Amino acid sequence: MTRASDWSPRRGRLFALNDSNPLVPYLYLLPHAAFFLVFTVYPVGYGLWVSFHRWDLLSDQQEFVGLTFYRNLFDPSTPQSQFFWKSLINTTLFTLISTPLLVGAALGLAVLLYRPIFGRAVFRAIFFMPGILSVSVMGILWRWMFDNQSGLVNVIRQEFWGLPVIQFLTTEGWAWVPIIVGTVWWTVGFNMTLYLAALGGISHSVYEAADIDGAGPWAKFRHITVPLLAPTTLFITVTTVLASFQLFGQSQVITNGGPARSTQSVIMYITEEAFGNYQLSSASAMAFVFGALMLVFTVIQFRLMVKDLNTSRER
């Protein structure tokens with residue numbers, strides 16, 4: 001039989017305010033867990049519940065409709081299906097174009113500015129500073145730059161090369177130019193900083209050994225720099241893809257999703273459906289479908305890049 005005196009030391013440890021208390025690690029996690037439950041788990045669960053009802057802001061009774069709003073997204077006859085998939089294609093197009101530019105330009109700038117050139121710190125600051133601007137400031141700036149009539153880009157084209165005016169902001173296809181150029185200018189500095197930090201972790205002895213073997217600059221970049229930066233490239237690519245799929249502010253400010261919804265992103269359309277058309281249940285269903293697609297896409301991308309990374313290491 002267990003005596004009460006055998007349990008007293010253990011009970012005492014549960015109330016001790018030192019490392020002997022097995023609850024101390026969980027107490028450190030408690031604040032974060034509370035915020036995570038309140039601001040992440042609860043909104044997600046509530047949004048899922050809303051997507052299964054025909055939500056009416058003016059009614060106390062919400063009709064349960066099951067998967068109706070999810071089925072609407074796969075019914076080509078509904079406007080929700082047409083606009084949702086069109087905006088998703090727009091967002092995917094933007095991601096496919098902007099991600100290679102953001103990764104490649106960041107790598108090129110990092111390699112150039114890692115060298116001991118004159119004014120290196122100034123150039124690093126110049127490329128990083130646009131990232132501190134808000135999306136509104138960046139959007140207004142590039143909207144002015146590509147204005148159809150008085151934009152600096154059209155003025156330079158006319159004055160220096162005599163080229164005709166391009167209606168950048170109101171022509172399908174061309175409307176993506178200010179959005180993509182502005183996004184690359186705005187965010188490439190952050191990726192460049194990550195690459196600079198990763199370059200600092202490569203031992204100089206590796207390059208010295210390559211010099212002894214007679215390797216040129218291109219050979220060292222291809223066979224040393226790129227493989228050793230592969231983990232950083234994996235991280236930057238995944239985060240850049242996820243950030244690009246969240247396109248919203250640039251399209252909203254520069255083109256307002258036009259012309260003819262050709263630059264409307266999926267986040268813009270979900271927002272329009274929720275707060276413009278007041279179809280909260282439909283917008284919730286779109287958000288969950290979009291989230292599921294992003295999850296599947298990220299897992300596939302991560303697996304492919306990790307497999308490629310492991311293959312490179314085995315060579």
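This is a predicted model: local features need pLDDT of at least 70, side-chain atom pairs count only at pLDDT 80 or more; totals for chains, interfaces and linings use all residues.

Modeller: Start with helix 2, which covers residues 24-51. Its 28 residues span 39 Å from first C-alpha to last, close to the 40 Å expected at 1.5 Å a residue. Helix 2 has a kink of about 40 degrees at Leu30, shortly before the proline Pro31. Buried residues in helix 2 are Val24, Gly47, Val50 and Ser51.

Helix 4 can be described in the same terms. Residues 79-114 make up helix 4, 36 residues in total. From its first C-alpha to its last, helix 4 reaches 51 Å, close to the expected 52 Å. Here a kink of about 25 degrees sits at Ser98, shortly before the proline Pro100.

Next comes the surface. A nonpolar patch is formed there by Phe128, Met129, Ile132, Leu133, Val137, Leu141, Trp185 and Phe190, with about 730 Å² of accessible area together. Helix 6 (135-145) and helix 8 (176-199) are the elements that give two or more residues to this patch. Met129, one of the patch residues, is found in the loop between helix 5 (120-128) and helix 6.

The last stop is helix 12, residues 249-254, where Ser251 lies. Ser251 counts as buried because its relative accessibility is 0%, and the cut-off for buried is under 20%. Leaving aside residues up to four places away in sequence, Ser251 touches Trp176, Ile179, Asn256, Gly257, Thr263 and Met268.

Key: Residues are numbered from 1 along each chain as its sequence is written. Side-chain values use heavy atoms; hydrogens and water are left out. Patches are made of residues with over 30% relative accessible area and no salt bridge: like charges are joined within 9 Å, nonpolar side chains (Val, Leu, Ile, Met, Phe, Trp, Tyr) within 5 Å. Accessible areas come from the Shrake-Rupley method with a 1.4 Å probe; for residues, only the protein chains shown count as cover. A salt bridge is a side-chain nitrogen of Lys or Arg within 4 Å of a carboxyl oxygen of Asp or Glu. Helices (H or I, at least four residues) and strands (E, at least two) are DSSP runs, numbered from the N terminus. The expected span of a helix is 1.5 Å times one less than its number of residues. The bend at a residue is the angle between axes fitted to the seven residues ending there and the seven starting there. Buried means under 20% relative accessible area, exposed over 50%, partly exposed in between (1.4 Å probe, protein chains only). Contact means heavy atoms within 4.5 Å.
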